[in-house]
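Open the model in your viewer and keep the selection panel at hand. Each stop below says what to select and what is there.

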Amino acid sequence: MNGEKMNFRDSGYALTYLGLAGVVFVTILSLEYAPGLKPCTGGGCWGAPEAYRILYLHVPFAWCSFLSFCVLFYGSLMWYLKRSEDAWVYFQSGSDLGVIFGLGVITSGPIWASAEWGRPWDWGDMRLNSFALLTAVALFLVYSRQSQPDTQQNRDTLSAVGLFGFALVPITAGATTWWETTHPEVLIVESSETVGMSPDVRSFLLISFGVMCILFTGLLILSNKRYRLAAEVSGRKNELDQEAIS
Amino acid sequence: MSPRTLLSARGLVVDRGARKVLRDVDFSLYEGEVVGLLGVNGSGKSTLLESLAGLHPMSGGSVLRNDRGFETTVRDSEGQRGDISGFGLCLQTEGMSGDETVFERIRGACRVAGRADNSEALNEIISEWGLGHRANDRICKLSGGLRRRVAVLSALVPVALNSEQSVVLLDEPSEGLDQASRGLLLGWLRALKMRGHGILVATHDPEVITACDRTVTISETSELTSKIQESNLEHANLPGPSAAESHRELVAWNWRLERRNPIDTIGRGVPALVALLLAFTLSTDIVRSSENYDLLAALILTPAFITAIVTPAIIKRLAEERAGDWWRAMTGTSSRGWFSIMGVSLILPLPIIYLSWFVIADDSGSAMNSDVMLWLWLFAFVIIDLSVAASALHLMVSDLTRAGAVAGILLQLVLIWPFLQMTSALTSIMSNGMSFELALGEPIADIAIAWLTVVLLWAMAVIIPED
C-alpha cells in the first residue's frame, strides 16, 4: 500500500517536472524555431503576425484551463450527488488548477490582443470573457476555501458556486455575445488557408498542447494527493479532539 | 392509543467538515410531551435541534414531520426539502435583528407562523413577561437577559396561538434568564404540553430539566439514551388560539426595518452618486461631442448599475444574531427567492438613471435625445431586475460561515454581460433612435437579451443552492 502511494506521488512529480521542462522547451521553440505566418491570405491579414507566437502558450493554457474547469465541475457535481471526500478532493484540485491555467490564458491573451487588435481586451468576445469569469469563479472558490471553516454547509455552498459558474458562464455568454466575436476561430480545426496557418504551425500547437497536458496531469495528481493527505490529517486531528474531550 | 409523532429523525448523519457530529441518530418527538435534550459540550445537541428545524444539510437520513396524519419530509440527505410552518424556534443565538421592536418581533413570529395577531392579547403576554414598558423599544437597546426573553417568547407565542398540535424547538432557552423569567418559561412549557404540543429543549439547566417528561442524553458517539420522568410543575395560563392567517411577513419585516433605518437606500445611493460625479468628470466635451456613443452610454448606465450590485442591507440583517437562520427555518424552501427579491434596489435605479442622463449627456448633441428620454425607464427596469440577480449572488456568498472573509465581488463580475448588453442598446438608441425590430443588434432585442440573462442568473443562483 505504501509502495503504491509512493509510486503515485512520484508519478505526479515526474510528470510535473517533465511538463515544466516541456513548457520551457516549447517556449524557446516557438520563439526561435516555429514557422512564421503568412501576413495575408484569402481570409484576411494579421495585424501583428510575429505576435502570434504567444499563442503556442495561450491556446494550450486555454484548453488545459477548460480541462481544469471540467474537473471542478465534476468535483462540484459529485459532491452534490454523493458528498464523498473524493469528490471534494477533485473540487479543490479543479479550482486550484482553474486559477493557475485560467490566469495563464487571461494574461497571455491580452498581450497578443494588444499587438493584434490594438486593445488588450474585447468585452464583446465570448471566449475571452468566459475564461475571465470562470477564472474569477475559480479564484473566488480558492480564496473562500482558504478563509472558511471546512464544514459540510460551506462545501455545499462552494460546490453550488462551482456548478453555478460552470453552467452559467457559457449560457450567458452564448445569450449575450455569440454573434459579435472578434476572437480568432478555433485554430486547429479551421486552420491553414483561411487564417494563414500552415500544417507546421498546427503540429507545433499540438506539441505544446501535449506538453501542457503532461504538466496538467502532473499537477492534478500532486494536488489530489495533497488534498487526500490533508483530509487524512484533518481526520486524525478530529480523533485527537475527541480523545481530549473524553 | 399511543401518542402521535410530531417530528422525527431517522438515521440522521450530519458532518462538519471531516468530522461527523451526528451519526445515525433516531429520534421522535410526540404530542403532549416536553423532552430535555442533554449532553456535554460538543456532543451535538444544537446540531440535532437545528437539523430537526431543517437548517443543516445532512449526509444521511431524514427529518420527517407529521402533518395532520401525513408524514412530510422536512429535509433529507437526498436534497429534498419541505416546509415546517407554524412551529416555534429559539436558537442559541437570538436570531433577531436589532432594529425590530419587541412588539414587532413577537407579532412577526406569530404572522410568519400563520397566526392572526391580536394586539391586545400580545400586549398582555409581553407585559406578563415583564416587557410591557419595552414593547416599542428596539431589540438592540435591550440587555442580554431581556433579549433572551423576546427570543424565547417568539418561539412560544406562535405555538400557544395554534389550535393544532405543533412543535417548539428551544436551544438553551433559560441561558441569561432571571429567576422570575425561568419560572414563566417552565409554566409555559407545561401549559403547551397540556395542549398537546411537543417541545424539545436542549439544555444544561437542572431547573428546566424538572419541567421535562422525558430526557434524552446524547453521547459523543451520538448514542441517545432516553429516560422517562415525572414533572409536577404548575402550568401557566396561556392565551386562547387565534385564527389562521397567511401573511407575507418576511417582506413586511424587511420593509419595516428599511423605513426605520434606511441603510439599503443610503448604502446604494452614496456609491451611485460618487460614480455619477466620476462619470461626469470623465465625460469631457471630447467624449460628449464624439459620434461614438459607446463610452457615453456606459457612463450613463454605470451609477445605476452600481446601485444594483452593492451588497444589499438584507444580507447584514439576516446575518445579525443568525436572524437569517430563524427566518429560513420559519419560511421554509421559498426563503431564498424571497430574500433575493427583498434585496432589490427598487427605488433608486429610475431616478439615478435619469439624473445621469441629465448630468452627463443631455447636451451631447445627439439628435435622438427625445427617444433616449422616452425609453430610459426600460433600462432602469432591467437594472432593477439585475439587482435581484445581484442580491441572489450575494446570498450565495452569505451562506458561507465567514462570508465577510471572501471576495464576493468576483461572482458579481458575471453581471457585466447584461450591463454591456444594455450599453449596446443605449448606444444604438443614441445613434439611430429607438427601433422595435426584433433582430440581433437592435436596441429592443439587446434589452430583452439583457433582461433574460438576468432572469436566468437569478434563477440559477436561487435554484442551485437549494439542491
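**Stop 1: where the chains meet**

Show chains A and B together: 35 residues of chain B are in contact with 39 residues of chain A. Contact here means that C-beta atoms, placed from the backbone, lie within 7 Å. This is a predicted model: local features need pLDDT of at least 70, side-chain atom pairs count only at pLDDT 80 or more, and totals for chains, interfaces and linings use all residues. Residues are numbered from 1 along each chain as its sequence is written, while chains are lettered from A and ligands numbered from 1 in the order in which they are written.

Strand S1 (5–16) and helices H16 (409–412), H17 (416–432) and H18 (443–463) of chain B each supply at least two residues. H18(B) gives the largest share, seven residues. By class, this side has 22 nonpolar, seven polar and six charged residues. Ala, Val, Leu, Ile, Met, Phe, Trp, Tyr, Cys and Pro count as nonpolar, Asp, Glu, Lys and Arg as charged, and the others, Gly among them, as polar. Helices (H or I, at least four residues) and strands (E, at least two) are DSSP runs, numbered from the N terminus.

**Stop 2: the sheet in chain B**

Select the strands S6-S7-S8-S3-S9-S10 of chain B. In that order, the six form an open sheet with mixed pairing. Strands pair if DSSP finds at least two bridges between them. S6 (88–90) and S10 (224–228) of chain B stand at the edges with a single partner strand each, so one side of each has no neighbour in the sheet.

Zoom in on S3 (33–38) and S9 (214–218) of chain B. They run parallel, joined by four bridges. B:Leu38 has B:Thr217 in S9(B) as its bridge partner.

**Stop 3: helix H1**

Is H1(B), residues 45–52, largely enclosed or open? Eight of its eight residues are buried, so H1(B) is largely enclosed by the rest of the structure. Buried means 20 or more other C-beta atoms within 10 Å of a residue's own, with C-beta atoms placed from the backbone. Among the buried residues are B:Lys45 and B:Glu50. Just after H1(B), B:Gly54 takes a positive phi of about 85°.

**Stop 4: a helix pair**

Finish with H10 (294–309) and H15 (369–398) of chain B. B:Leu301 and B:Phe305 are among the H10(B) residues at this contact, and B:Phe379 and B:Ile383 are among those of H15(B). By class, the contact has 10 nonpolar, one polar and no charged residues.

Note on methods:
Contact = placed C-beta atoms within 7 Å. Buried ≥ 20, exposed ≤ 12 C-beta atoms within 10 Å, placed from the backbone.
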